[in-house]
Amino acid sequence: MIERLSKNELTDQQIAQETSTDLNIVRRTLFTLYEHHLASYILERDKETGWMLYRWNVDFADIERRLADDAQKLLSTLERWLDSELNTIYYTCDNHCSRFTFDMASGNTCGYEFVCPVCKENLYYDDTSELVGTMQGKINELKTNVQSIFYPENLSMFELAQTEQE
């Protein structure tokens, strides 16, 4: 698809025909590329049918910066989630219907009094240590990959800092 788009402006139907790809997959892919500012389109009316046509093209200028920005946004989101897991006490029932903060579970804000509002089972402390450990590992792995892919000159510095921590 991308090879075809890099040479010509094509409609989604032309791309689907030329690549033998389902039209819905082509459209989904094009709109995903568009959302990430990697594709653009020109809207025009078909003179024969009167239907609106999207003529697509791709633009990979500055793709490394865009990918690095997306990776940084993902890291920030994961780090906020990790912070929430580290700094919040959660309660859940044996059925894991939902998780509740201490204030909610105890009844201070919602009146649950350590009883699940969904299944009516008792709420218990939700030990998140395994989740926290997994998240920390994945965040470190992502940081390492982002560093090595987008900033190779910084990789040796990052590895040195990790070695010193161990």
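How many bridges join strand 2 (residues 39-45) to strand 3? Seven bridges link the two strands, which run antiparallel. Here strands (E, at least two residues) and helices (H or I, at least four) are DSSP runs, numbered from the N terminus, and two strands count as paired if DSSP finds at least two bridges between them. The model is a predicted one, in which local features need pLDDT of at least 70 and side-chain atom pairs count only at pLDDT 80 or more, while totals for chains, interfaces and linings use all residues. Residues are numbered from 1 along each chain as its sequence is written, and side-chain values use heavy atoms, with hydrogens and water left out.

Strand 2 and strand 3 form a hairpin with six residues between them. In the turn, Gly50 has a positive phi of about 85°. Strand 3 (residues 52-58) also pairs with strand 1 (residues 10-11), in the antiparallel sense and through two bridges. Thr11, in turn, stands opposite Arg55 of strand 3.

Axes are lines fitted to C-alpha atoms, for helices over the stretch in contact, and angles run from 0 to 180 degrees between N-to-C directions. The axes of helix 2 (residues 12-19) and helix 3 (residues 23-35) come within 9 Å and cross at roughly 120°. Helix 2 is therefore oblique to helix 3 (under 35 degrees counts as roughly parallel, over 145 as roughly antiparallel, 65 to 115 as roughly perpendicular and the rest as oblique). The contact (heavy atoms within 4.5 Å) is made by Asp12, Gln13, Ile15 and Ala16 of helix 2 together with Leu23, Val26, Arg27 and Leu30 of helix 3.

A second open sheet has three strands in the order 5-4-6, again with antiparallel pairing. Strand 5 (99-101) and strand 6 (124-125) are the edge strands, each pairing on one side only. Strand 4 (residues 90-92) pairs with strand 5 in the antiparallel sense over three bridges, and Thr92 stands opposite Arg99 of strand 5.
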